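Visitor: Hi! Could you walk me through a few spots in this one?
Guide: Happy to. Here it is.

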Amino acid sequence: MSNTIENTLETQSLTDGTERFKKDLAQKEANSILTTAQSKMFNKAFTEAEELMSLLVTSKSKGNSEQEWRLVIQDASPTELAFIALHHIFWGVIGRTSRNGLYEKIAQDTAITLKREYAEGADRVLFLKVATQMFHQVSTLDIFEEYMNPSTKVYYITFTDAVLQELQDLTEYQAFMSPYWRPMVAHPRSITEGSYLDPKLSKQLKAVNTFSKTQKALLEPLMKPETPFVQACDAIQSVPLKINQWILPIIEECYSRNISIGSVPTNTLPAGVTPSKRLLRSQLKSQQAAFLVDLDEAKKYSIYERVYLPTTMDFRGRVYAKPYLNHQRADYIKAMWLFSEGKDMSHIEAVNWLKIHIANTGDFDKVSKAPFDTRIKWVNDNFVRIYETVQEPFKDLWWTTADCPFSFLSACRELARFVDVGAAYVCHLPIAIDGSCSGLQHYSAMLRDEAGGKSVNLLPSIKPEDVYRDVAEIVNQLVIDDKDDPIAQEWLSHKIDRKVTKRATMTLCYGSKKFGWTDQLMEDFMSKYKAQVDTGQLDKHPFESPGKASSYMANKLDIALRMTVEKALEGMEWLQQVAGLLAQEGHPVIWLSPLGFPVVNEYFTPIEKRLDITINKRRVQTKLMLGFTDQLKASKQRTTIAPNFVHSYDASHLMMTVLEAKDRGIDSFLLIHDSFGCLPSDMQEFSEIVKEQFVTLYKHNDPFMAIYLYAMSVLSNKGKTKLTPPPEKGTLNLNEVLKSNYAFA
């Protein structure tokens, strides 16, 4: 029966995807935006149009004197001229603009781009001559043809029949390739078969999303059900789930009552006609529409007892749920999911782990950073309030200020139900333990860095370490030392805590540096303050110059992080050096994960054109992607190696944990990279498996040495002389991880 329903749902996914694609096409046409198919055609034609404009600019008159129109464009950019002409001709085809009308448009924008007057008289005549030449050069491209309307004798330009057919075929293909990815209600097939039942859908779902031909060739013989990384993905997508029907109406009521929590948007729109208010309205409309789609989708799937989330991998081996409605998104969506198969709460460890999860998701008074006993005590001390809130969630809205409000409320409900029913209560709620700054944990373990490992809880301790807090303390002192600086005073008034330092510390291992941290601070703090000023929640922005304040803080973060996690930075800088050396000789960086997944760090130099130009009398800044060369982009190779490297190892850790858990009888798990979820009754054993597999990962693998040996195998003799050995390992005893309560907590 479920297969019949699943087939119907998959057919609907294809139909809905096509309808969404058509709607997107209509919106693009209404807003004068080229479709994807048209953009591909435009980019394909642009290189040839640029060559034609280059010839036009450099060509000479046959007579003794140079024609005036040639003198006008002799110093012009062929790239700009090509874009102006091709843009207007493309839109002339789409909008059926006459040839004379296109001359006028091209003439106007060319004059403005060349900073010349365009007015009635000699100037207009001159630029119309220029436009005519530009038009007739570009219109010779074999994608265009001219025709005359026999009744009006007016000339137009159109695409050739072959091009029209190509555009139609490409558009139809893209519509077919744009399904609305949904959860399944039947057991998925293996990822090697595309998971879904319908061949039209399954053949579109790639097990590994990669553009690298090298990686595709390496993966092809490995895509078998018995391959360890395939087994892990198949196990992950085979976990039956169901929608939490208790939390769903609460989420909906929050929106109805205009209680904006986390990613649940406000249901009203701000008034006002300023540009910032219009932008805010547009953003809110988009958020509201997306939220209502999520809610509608969840309601549709709430009637099923078993729901599955098909998975794919990225090129690093990281696992992602393919359906748009999935647990890897915002808190209100994450809280919607329950395991279809539950277990009773007959052991005290299960109850305690549930309480720890409640404390973690609430994180009131930063209790998630406290020892486990303190977290459990916090729940016990607040139990009456928790219980009453579960009975009447909207009587006391204190829960809405939790770190993850809907996950917190869902967990509170499970505790209340357990108290009502007793040890026989069957719990279906996923509870999770997370890595303590996962990227730094992995680098510390790879390099046996004791200092770094201690800061991210790889060593046993009475209470959890907090690397974000440690960095914040150093930053505070650095800013205090600058107390005479007005920007320092602004930051000291703002309060520099772990909220300021967390994102930079987390993203350090993923290649983020000062420039990226500046952008993060602008996004996390400055833009939010601006929105609060725009909506009247704040009288004035707390920082006089948000950009300068963000840049100032990014510099302090750089100093503090180098003082805190020096060894990890040394490892990342070594990886960047190796990637750069290999790129100089045309080699990507290739390594095998411990489960045999081949990772290829391979970024080619793009062929792109950046333009700052006037179109239809309006300034347009655009970038044309015209393809890629066969040369590796050295700078990209260097900046991407550190994040891609560590992501491939956290993916391996997750997969190894899944395979071991399955072997030990744990079948219900819900995972998000470094967040490991299972049932409360399984968490005691599952948490041990998570630590054991982390230790196994690095006891039997030396990731840095693997990169070194690969580089030595492909570099020239000259390249080998420039290659330094991997960083020396420290004194961290990996077995100590097994004794740490807070490595994953």
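Visitor: Which residues of helix α15 are buried?
Guide: This is a predicted model. In it, the buried residues of α15, which spans residues 372-381, are Phe372, Arg375, Ile376, Trp378 and Val379. They sit on the same side of the helix, because the arc they cover around the axis is only 155°.

Visitor: And what is exposed on the other side of α15?
Guide: Asp373 and Asp381 are exposed there.

Visitor: What covers the buried residues of α15?
Guide: The cover includes α14 (348-362), α16 (383-391) and α17 (405-421).

Visitor: Let's take Thr389. Is that one buried or exposed?
Guide: Thr389, which lies in helix α16, has 4% relative accessibility, so it counts as buried, the cut-off being under 20%.

Visitor: What does Thr389 touch, leaving out residues up to four places away in sequence?
Guide: Thr389 touches Asp396, Trp398, Trp399 and Leu409.

Visitor: New topic: how many cavities of 30 Å³ or more are there?
Guide: There are four. The largest cavity holds about 120 Å³ of space, and 14 residues line it, with Ile236, Thr311, His327, Leu670 and Leu671 the closest to its centre.

Visitor: What classes of residue make up that lining?
Guide: The lining of the largest cavity has 11 nonpolar residues, three polar and no charged. Both β6 (319-321) and β15 (669-672) supply at least two residues each.

Visitor: How about the second largest cavity, what is its volume?
Guide: About 50 Å³. Its lining has six nonpolar, one polar and three charged residues, and α23 gives the largest share, five residues.

Terms used:
Residues are numbered from 1 along each chain as its sequence is written. This is a predicted model: local features need pLDDT of at least 70, side-chain atom pairs count only at pLDDT 80 or more; totals for chains, interfaces and linings use all residues. Side-chain values use heavy atoms; hydrogens and water are left out. Buried means under 20% relative accessible area, exposed over 50%, partly exposed in between (1.4 Å probe, protein chains only). Helices (H or I, at least four residues) and strands (E, at least two) are DSSP runs, numbered from the N terminus. The arc is that of the directions from the helix axis to the C-beta atoms. Contact means heavy atoms within 4.5 Å. On a 1 Å grid over the protein atoms alone, a cavity is a set of points where a 1.4 Å probe fits but cannot get out, and a pocket is an open set with protein on both sides within 12 Å along at least five of seven lines; lining residues have an atom within 4 Å of a point. Grid points are joined across faces, edges and corners, and a volume is the space filled by probe spheres set on the points. Ala, Val, Leu, Ile, Met, Phe, Trp, Tyr, Cys and Pro count as nonpolar, Asp, Glu, Lys and Arg as charged, and the others, Gly among them, as polar.
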